[in-house]
Amino acid sequence: MTTARTPGHGPLSGVRVVELAGIGPGPFAAMLLADLGADVVRVDRPGGPGLAIDPAYDITNRSKRSVVVDLKATGGPEQVLDLAARADILVEGYRPGVAERLGVGPDACHARNPRLVYGRMTGWGQDGPLAQRAGHDIAYIAPTGTLGMIGRPDEPPAVPANLLGDYAGGSLYLVVGVLAALHHARATGTGQVVDAAIVDGTAHLSTMIHGMLAADGWQDRRGANLLDGGCPYYGTYETADGRYMAVGALEPQFYAEFLALLGIGDRAAARKDVARWGELREEVAARFKSRTRDEWTAVFDGTDACVAPVLSLREAPHHPHLAARGTFTDHGGITQPAPAPRFSATPTSVRTGPARPGADTADVARDWDVPGLLPSSRNPQ
């Protein structure tokens with residue numbers, strides 16, 4: 001298998017993507033496009049993006065190729081525009097206006113390639129009072145109402161790593177957006193700008209909850225609802241060895257099986273009696289504390305009680321179901337999530353390890369017919 005070229009299997013094979021290097025949701029979105037088979041060229045900046053991780057372990061750069069371009073140097077913007085002229089999609093994650101000041105904004109790119117889909121990844125969006133403010137995942141999800149939903153009612157909101165904002169509300173919405181715009185561009189010949197803001201995507205994720213709120217089926221406070229830990233048969237419980245089990249026995253038949261296997265089958269009537277939820281939670285907690293996580297896993301194995309062990313990151317790849325499906329894969333000595341979702345006709349795979357900054361310049365210059373990337377072209381003797 002060659003390691004120089006990223007094009008290969010996947011439904012996006014043949015699609016060319018330019019990624020202007022950044023950190024967080026932009027690189028993850030570009031990784032997902034690469035996972036799906038796109039030829040992703042990451043334009044790294046001299047000195048790196050400022051993320052304190054060895055590039056050899058930054059698997060969000062897997063299946064990509066890298067060139068290094070100094071956008072502040074003479075000729076730097078032209079190199080990116082040469083790539084954009086041959087690309088289907090460009091992804092950038094600068095603050096609003098930065099790409100324009102660097103000479104690689106949407107107008108400059110569309111002047112070279114009217115069909116280009118220009119994807120913009122930010123926290124606050126391209127406009128609005130906070131558009132120019134710095135931020136990170138937690139600050140973006142806080143105003144949307146979603147952060148305030150998570151956690152126990154008597155404790156501060158729980159921090160969901162940076163999964164909810166950066167990757168769910170950000171990266172995934174950017175990918176949906178650029179692929180929808182690519183479909184439009186191929187049908188009409190006209191590209192466009194996709195403004196993917198983490199605040200927009202994260203708010204959108206809570207659509208069902210807003211419907212329940214409007215129908216008086218959701219209380220606007222933490223730990224008081226069916227799906228936020230307020231319900232005793234939808235939550236997590238500590239076991240005898242200090243580990244945890246997760247319970248999601250919502251439907252009556254699953255709830256009944258859960259209670260029977262837990263050994264408190266006589267508490268069936270408490271399911272709809274909110275006034276008894278506190279008492280039920282205490283009984284469930286006491287039962288789970290009587291055995292270890294692995295013992296309870298064995299009790300619920302093969303049942304429809306909707307109970308599962310809470311595993312750590314290192315434990316997860318060894319879960320029997322995930323191992324059987326190949327949910328995780330090993331590539332280059334790194335265990336990592338395999339590409340998702342799965343396709344029957346165009347299967348995906350991790351094609352190469354993390355791109356090293358600038359390591360693929362010659363190959364990209366040849367394959368994309370952009371000789372200006374080569375040092376000899378930039379500095380003729």
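Leaving aside neighbours within four places in sequence, Arg222 is in contact (heavy atoms within 4.5 Å) with ten residues named here: Gly148, Met149, Ile150, Gly151, Arg152, Pro153, Glu155, Pro156, Pro157 and Asp228. This is a predicted model, in which local features need pLDDT of at least 70, side-chain atom pairs count only at pLDDT 80 or more, and totals for chains, interfaces and linings use all residues. Residues are numbered from 1 along each chain as its sequence is written, and side-chain values use heavy atoms, with hydrogens and water left out.

Arg222 lies in the loop between α8 (207-214) and β7, where helices (H or I, at least four residues) and strands (E, at least two) are DSSP runs numbered from the N terminus. The side chain of Arg222 reaches the backbone oxygen of Arg152 at 3.3 Å.

The loop leads on to β7, which belongs to an open antiparallel sheet of three strands in the order β7-β8-β9; two strands pair if DSSP finds at least two bridges between them. Because β7 (234-238) and β9 (307-309) each have a single partner strand, one side of each is left without a neighbour in the sheet. β7 and β8 (residues 244-248) pair over five bridges, and Glu238 stands opposite Tyr244 in β8.

| Helix | Strands touched or crossed | Angle |
|---|---|---|
| α11 (residues 293-300) | touches β8 and β9 | about 30° with β8 |

Key. Axes are lines fitted to C-alpha atoms, for helices over the stretch in contact, and angles run from 0 to 180 degrees between N-to-C directions. A polar contact is a pair of N or O atoms within 3.5 Å; within protein, one must be able to donate a hydrogen and the other to accept it, and residues adjacent in sequence count only if both atoms are side-chain atoms.
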